[in-house]
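Welcome! Please take a look at the sequence and the structure shown here, and keep them in view while you read the briefing.

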Amino acid sequence: MKILLILAGLIFLGASARWNWWRPSKKGVAILMYHKIGQPPENSKLSNLWVTPDKFDRQMRYLKEHNIPVISFGEYYQMLQTKTVPDKAVILTFDDGYEDNYTEAFPVLKKYGLRACFFIVSDTIGIINKWHNPATEPHQKMLSLDQIKEMRQTGMEFGSHTLSHLNLNDLNIDDASIQITKSKVVLEQAFGNKVDIFAYPYGAGAYNPAIKQLVKPAGYILAVGIRQAINVRGHEDYFALKRITVRGDENMYDYYLQIRGGRNRL
Ligand SMILES: [Zn+2]
């Protein structure tokens with residue numbers, strides 16, 4: 001009997017470490033970070049960056065059925081300015097601009113009437129993710145300009161993810177500045193619209209004051225990093241907003257925990 005109780009206790013502790021049900025709910029905005037929607041290629045060493053279309057559909061349905069407001073960055077910025085950020089809201093983001101965002105994610109978003117923000121690497125529009133080392137996963141096709149324009153017409157937002165997806169911490173300040181500034185100009189010319197949201201590749205620069213201070217003067221209003229948490233109301237860092245990685249190997253309980261408290265695991 002005693003052994004059974006100890007065993008039950010250990011299972012409970014193990015499960016509580018893996019699924020952090022005990023974290024308090026936080027008031028603010030959960031910015032979810034996706035990369036690729038689809039089945040990961042064989043031998044992918046980055047399979048957690050892939051969320052299957054079925055799972056993505058379930059996640060979007062969850063937001064809809066639970067009446068969780070899904071807002072745009074444009075709306076978020078207004079809410080920050082007017083101090084009207086709600087108790088809970090979600091922003092959907094996709095990094096890098098993969099073609100599957102159009103073929104797999106876009107139809108689901110349209111089905112549920114949801115908007116998302118896509119961060120584009122301007123040098124790779126219509127080609128492949130050429131910055132990527134194919135040893136970890138084959139190169140992927142990227143969104144074309146026509147696909148982006150079609151998505152934009154339905155209210156999707158597009159932000160800059162630099163010119164070529166370099167780690168900004170590895171560059172000198174002038175080169176980092178070009179990555180941040182020129183990508184904005186190139187994307188604005190291509191889209192015929194303002195681009196004022198920025199995502200640091202690998203989150204690099206969001207936590208480096210020398211890089212971070214380049215973003216606002218370049219004309220951006222908000223920028224996202226990759227630290228896992230809710231952007232707690234009243235404590236938002238406009239140029240290093242926190243995000244929550246949605247991993248391909250996680251379930252709906254993880255999703256619920258992340259939106260509620262910002263983290264689902266230790
Ligand atoms: Zn990226």
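Where is the place of asparagine 43? Asparagine 43 sits in the loop between strand 2 (36–37) and strand 3 (50–51). Helices (H or I, at least four residues) and strands (E, at least two) are DSSP runs, numbered from the N terminus.

You are looking at a predicted model, in which local features need pLDDT of at least 70 and side-chain atom pairs count only at pLDDT 80 or more, while totals for chains, interfaces and linings use all residues. Residues are numbered from 1 along each chain as its sequence is written, and side-chain values use heavy atoms, with hydrogens and water left out.

- Asparagine 43 has a positive phi of about 65 degrees, although it is not a glycine.
- Asparagine 43 is exposed, with a relative accessible area of 69%; buried means under 20% relative accessible area, exposed over 50%, and partly exposed in between (1.4 Å probe, protein chains only).
- Asparagine 67 also is not a glycine, yet has a positive phi of about 50 degrees.
- You can find asparagine 67 in the loop between helix 2 and helix 3 (73–82), and at 66% relative accessibility asparagine 67 counts as exposed.

**The zinc site**

- Asp96 (OD), His161 (NE2) and His165 (NE2) coordinate the zinc ion at 2.1 to 2.2 Å.
- Donors here are N, O and S atoms within 2.8 Å of the metal (3.2 Å for Na, K and Ca); water is not among the atoms, so sites may look incomplete.
- Along the chain, the donors of the zinc ion follow the spacing D-x64-H-x3-H.
- Distant parts of the chain are linked by a pair 65 residues apart: aspartate 96 in strand 4 (residues 88–96), and histidine 161 in the loop between strand 6 (157–160) and helix 6 (173–191).
- Aspartate 96 and histidine 161 are both buried.

**Helix 2 and its partners**

- Helix 2 (residues 53–65) packs with helix 4 (residues 100–112) at an angle of about 25 degrees, their axes 10 Å apart.
- Axes are lines fitted to C-alpha atoms, for helices over the stretch in contact, and angles run from 0 to 180 degrees between N-to-C directions.
- Helix 2 is therefore roughly parallel to helix 4; angles under 35 degrees count as roughly parallel, over 145 as roughly antiparallel, 65 to 115 as roughly perpendicular and the rest as oblique.
- The contact (heavy atoms within 4.5 Å) includes Phe56 and Met60 of helix 2 and Val108 and Leu109 of helix 4.
- Helix 2 and helix 8 (residues 252–261) pack at an angle of about 45 degrees, with axes 11 Å apart, so these two helices are oblique to each other.
- Among the residues making the contact with helix 8 are Met60 and Leu63 of helix 2, along with Tyr255 and Ile259 of helix 8.

- Cysteine 117 lies in strand 5 (residues 117–120) and counts as buried, at 0% relative accessibility.
- Cysteine 117 and phenylalanine 73 are 44 residues apart in sequence and 7.6 Å apart in space, C-alpha to C-alpha.
- Leaving aside neighbours within four places in sequence, the contacts of cysteine 117 include Phe73, Leu92 and Phe158.
- Aspartate 175 is found in helix 6 and is partly exposed, with a relative accessible area of 36%.
- Aspartate 175 and arginine 152 are 23 residues apart in sequence and 29 Å apart in space, C-alpha to C-alpha.
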